[in-house]
Amino acid sequence: MLRKDCDQTFVCRDFIKYPRRRFNTSRRQLQTNMAVRLCDVASLLRSGSWAPEPWTGQVIATMETQLSNGPTCNNTSNGPSTISNNCSSPVESGSIEDSKTNLIVNYLPQNMTQEELKSLFGSIGEIESCKLVRDKITGQSLGYGFVNYVDPKDAEKAINTLNGLRLQTKTIKVSYARPSSASIRDANLYVSGLPKTMTQKELEQLFSQYGRIITSRILVDQVTGVSRGVGFIRFDRRVEAEEAIKGLNCQKPPGATEPITVKFANNPSQKTSQALLSQLYQSPNRRYPGPLAQQAQRFRLDNLLNMAYGVKSRFSPMAIDGVTSLAGINIPGHAGTGWCIFVYNLAPDADESILWQMFGPFGAVTNVKVIRDFNTNKCKGFGFVTMTNYDEAAVAIASLNGYRLGDRVLQVSFKTNKTHKA
DNA sequence: TGTTATT
């Protein structure tokens, strides 16, 4: 299916350096650039040799290197395969019973909450329901969720607009959810012993004879980029995965000298839960289940979760609240639930998605809002972004203030009371 | 053995 997603490249037009030229840069390229900027800013911040000013030539040069070498996939639809980092083949129409309003969202940042998920997807249209899937035991996010829209058009728009969006270190994937069924669970295969020369496309070709492939991946060495000879294939149905094991395990792919191993992949959530519970079980405190022991156990659980999941400790706005209320001072941008950022000089046709795309790569964004004229529904030239962590907000502001978006130069700052109408 | 894919 060919979608009219040309309008999805609007953000990237006239991007960065050549404001009067029309680019056809993909959103992914834009987001890659954002990540590069973040890295550069972070390293400059660490070295102490940087002040919050608009972009320098040095940074732009780095970005252009990335632009020419980076991923160039423009496809924002979600298909039966995932060729190289979410670049998917066009999706074929599902069965007539498939929901056209319910989406599955994969590769969400670990610390993203259900409310943030709802805020992000709610910027597209009215949401009927939204759920972030969490580990039943630990409560930790499993990194995916579901968004069910009222209107199928909004679901399609969400796929076109938000698939491939970079949020922190992740690139989210947005696709139609298949009808839930036991038959589609546990259909993920781990494949090892692959020829190092085998491409993802060739891997899919090898496995596609056994059924519909939902995702595929070949793991590569982080440094060299060379295949590690291992990968994953997720089939639509478990029976397809079973047949693929029967047909391909211990077999040599065409042209290969060694046989491959094909088996069901581990479930990371199960493994981690078991590891955590195993450690908890060894705790002496559990033999004395009084209130103090429970508290200690809770503390231990928190630490274990931090270690196991790499949960980043957050700058706590609550701590600041205590200080500000006692001292009677105001801290710009701090609204009690995060750090509010004022974005000025947006175009009349700006929408929430541009704010997500600009700020999402810098860290946890809880909310974005474009201020619109009541009668025309056009952007009045400014908007707000709320970010959870001060340091991420500060880097975003420093990076995006003075940023040229289309033919406009943005002004980005912590929100002050001057612009606040209570 | 993954950027935790079926609530």
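Strand E4 is joined by 6 bridges to strand E5 (residues 141–149), and the two run antiparallel; strands (E, at least two residues) and helices (H or I, at least four) are DSSP runs numbered from the N terminus. Within this pair, Lys131 stands opposite Phe146 of E5. The model is a predicted one, in which local features need pLDDT of at least 70 and side-chain atom pairs count only at pLDDT 80 or more, while totals for chains, interfaces and linings use all residues. Residues are numbered from 1 along each chain as its sequence is written, chains are lettered from A and ligands numbered from 1 in the order in which they are written, and side-chain values use heavy atoms, with hydrogens and water left out.

An open antiparallel sheet is formed by 4 strands in the order E4-E5-E3-E8, where pairing requires at least two DSSP bridges between two strands. Strands E4 (127–134) and E8 (173–176) stand at the edges with a single partner strand each, so one side of each is left without a neighbour in the sheet. Helix H3 (residues 114–122) packs on the sheet, touching E3 (102–106), E4, E5 and E8, and its direction makes about 140° with that of E4. Helix H4 (residues 152–162) lies across E3, E5 and E8 and runs at about 150° to E8. These angles, on a scale from 0 to 180 degrees, are taken between N-to-C directions of lines fitted to C-alpha atoms, for helices over the stretch in contact; contact means heavy atoms within 4.5 Å.

## Surroundings of DNA strand B

DNA strand B is surrounded by 32 residues, the closest being Tyr107, Lys173, Arg178, Arg217 and Asn266; a residue counts as near if one of its heavy atoms lies within 4 Å. Strand E10 gives the largest share of this surface, 4 residues.

A polar side-chain atom of Lys131 is 2.7 Å from a sugar or linking oxygen of DNA strand B. Bases are approached as well: an N or O atom in the side chain of Lys173 lies 2.5 Å from a base nitrogen, and a backbone N or O atom of Asn266 lies 2.4 Å from a base oxygen.

## Phe264

Phe264 lies in strand E12 (residues 261–264). With a relative accessible area of 27%, Phe264 is partly exposed, a class between buried (under 20%) and exposed (over 50%), using a 1.4 Å probe and protein chains only. Beyond its neighbours within four places in sequence, Phe264 is in contact with residues including Asp186, Tyr190, Arg238 and Ile245.

Key
Polar contact = N/O pair within 3.5 Å; in protein donor to acceptor, adjacent residues only side chain to side chain.
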